[in-house]
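Here are my notes for you to read with the model open beside them. Take the points one at a time and find each residue as you go.

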Amino acid sequence: MRAGERGLPTTYEPETLAAYFGERPGAVARRLFQVFGTSFGYLSAVAWDAARGKLEESEVRRAAALRNTIVSLGPFFIKLGQALSIRPDILSPRAMVELQQLCDKVPSFPSDLAFATICEELGVDEVSDVFSEITPEPVAAASLGQVYRATLKDSGDIVAVKVQRPFVLETVSLDLHLARELGKLVRKLPDFVTERIDVVDLIDEFACRFYGELDYVVECENGIRVREEMKNLPRVLIPKNYPRWTTRRVHVAEWVEGEKLSQSTADDVADLVNLGVVTYLTQLLDSGFFHADPHPGNMLRAPDGRLVILDFGLMTEITDDQKYGMIEAIAHLIHRDYDRIGDDFVQLGFIPPGTDVKPIVPALARVFDAALAGGGAKGINFNDLSADLAEITFSFPFRIPPYFALVIRAIGVLEGIALVGNPGFAIVDEAYPYISRRLLTDQSPR
């Protein structure tokens, strides 16, 4: 472990972080100054709008400014913004739309630092000890790391080498610590916190997932597991991982040629989107190990027509109760049994136990009746439905469970890609055969 990281946990331990940064007040003060200086313009503009009573009128414009501010603040804030962009129980629908445009592409860092990291992590003197060839500059860069194309010396395999940015663990840990301390202060201000949101719990939930993305060994293990679970889907390509050459800050996986599915003009894109729906439903309702970061850059069309899925740093586990709860909710939706859907939402963790769901049922009925009109379930546009549900969740005591926020994001991305080439695409059309098979063949009494 590098000197700057000594004492920092590589898993999320808030008490350890508090002790670590409690001994480093200078680092805390410098970061607070940076954050305040970067966000001062945005906060001042919001305060001015509030003073004039124009918060709602300027919401979209301020949300766009918030997006730009977040990008300037670095990896933690970018990832937090992306996480909040799928939480209609926290943000208004307009703000969600703006934050969903967050892009984590950032300038690359110097390759000599990246190559030094490779040597340090793999315990070699030169990069050429492991790779017979490697691109002198990265082929892609994002908020947490950057990727090189290389050839393994021992096997000749062409691989993608992802190298973590210098000092990411330190900067992210400090930002998480500061955010959690701020959350503790907000906890003491009941006028600023609704009963459905605990800011500290929200930060802890986000941090546990985020720390997994900082450990490339976890990503490698996830990729190996998903590749094994998807082996019965021959048109789905999950890149091979190389655990021998993977450490916490260096990840080596099979290099895959392809074009972004969202930008492909091939005739089979619609078929590949349909395959993507089946793949994600298999993860969601069968294996229970769900790829939770399916943005357009993580789905490619290979030259041979296969669907390529990349990047398994962010995964979520789906329990049996959650799997069957979702299937039951779908059945109640198709039969327009909205009273039962209210109970389903309690079972799935959307609504706190003991909440009177009767006032919510009419609002659900209006939304789903509109979604199901004109052709039944096949007429549902998932993104439109999500927007309507977001309005409800922003008005009623809903809390979007972390696993379901990620499900919404995955399905929304798939539908968005499909609608570009086929405005008549209906994701329920593609999901219904799979769910029907599950209902007819599952051995569970439930």
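Predicted model: local features only at pLDDT ≥ 70, side-chain atom pairs only at ≥ 80, totals over all residues.

1. Numbering starts from 1 along each chain as its sequence is written, and side-chain values use heavy atoms, with hydrogens and water left out.

2. Now try the word on T279, which sits in helix α10 (residues 269-287). Helices (H or I, at least four residues) and strands (E, at least two) are DSSP runs, numbered from the N terminus. Is T279 buried or exposed? T279 counts as buried because its relative accessibility is 0%. A polar atom of its side chain lies 2.8 Å from the backbone oxygen of L275. If you skip neighbours within four places in sequence, T279 is in contact (heavy atoms within 4.5 Å) with M230, L233, V236 and I309.

3. Time to zoom out. The protein has 16 helices and 11 strands, and 52% of its 446 residues count as buried. Look at the contacts with a separation of 6 or more: 67% of them are between residues 24 or more positions apart. The accessible surface (Shrake-Rupley method with a 1.4 Å probe; for residues, only the protein chains shown count as cover) is about 21,300 Å², and carbon and sulfur atoms hold 56% of that.

4. Next, have a look at strand β6 (residues 250-254). Why can we say that β6 is largely enclosed by the rest of the structure? Because four of its five residues are buried. Strand β4 (residues 158-164) pairs with β6 in the antiparallel sense, over five bridges; strands are said to pair if DSSP finds at least two bridges between them. To see this pairing on screen, find V161, which stands opposite V252 in β6.

5. There is also an open sheet to trace. Its four strands come in the order β5-β10-β9-β7, and the pairing is mixed. The edge strands are β5 (236-237) and β7 (259-260), each of which pairs on one side only. Strand β9 (residues 299-301) runs antiparallel to β10, and three bridges join them. L300 stands opposite V308 in β10.

6. Rings deserve a point of their own. How many aromatic pairs does a search of the whole structure find? The search finds seven. One is F76 with F77, an edge-to-face pair at 5.0 Å centre to centre, with 80 degrees between the planes. Here, rings of Phe, Tyr and Trp (its six-membered ring) pair if their centres lie within 6.5 Å; planes under 30 degrees apart count as stacked, over 60 as edge-to-face and the rest as tilted. Both F76 and F77 are buried.

7. Two charged side chains lie over rings as well. R225 is over the face of F289, at 3.8 Å from the ring centre, and K162 is over the face of Y216, at 5.0 Å from the ring centre. The rule is that NZ of Lys or CZ of Arg is within 6 Å of the ring centre and within 35 degrees of the ring normal.

8. Check the backbone at two loop residues. F167, in the loop between β4 and α7 (168-187), has a positive phi of about 65 degrees although it is not a glycine. D311, in the loop between β10 (307-309) and β11 (315-317), also isn't a glycine and has a positive phi near 65 degrees. F167 is partly exposed, with a relative accessible area of 48%, and D311 is partly exposed too, at 23%.

9. Finish with P9, in the segment before α1 (14-22). P9 is buried, with a relative accessible area of 6%. Leaving out neighbours within four places in sequence, P9 is in contact with T16, L17, L169 and Y211. P9 and S173 are 164 residues apart in sequence, yet their C-alpha atoms are 8.8 Å apart in space.

Technical notes
Buried < 20%, exposed > 50% of the residue type's maximum accessible area, 1.4 Å probe, protein only. Polar contact = N/O pair within 3.5 Å; in protein donor to acceptor, adjacent residues only side chain to side chain.
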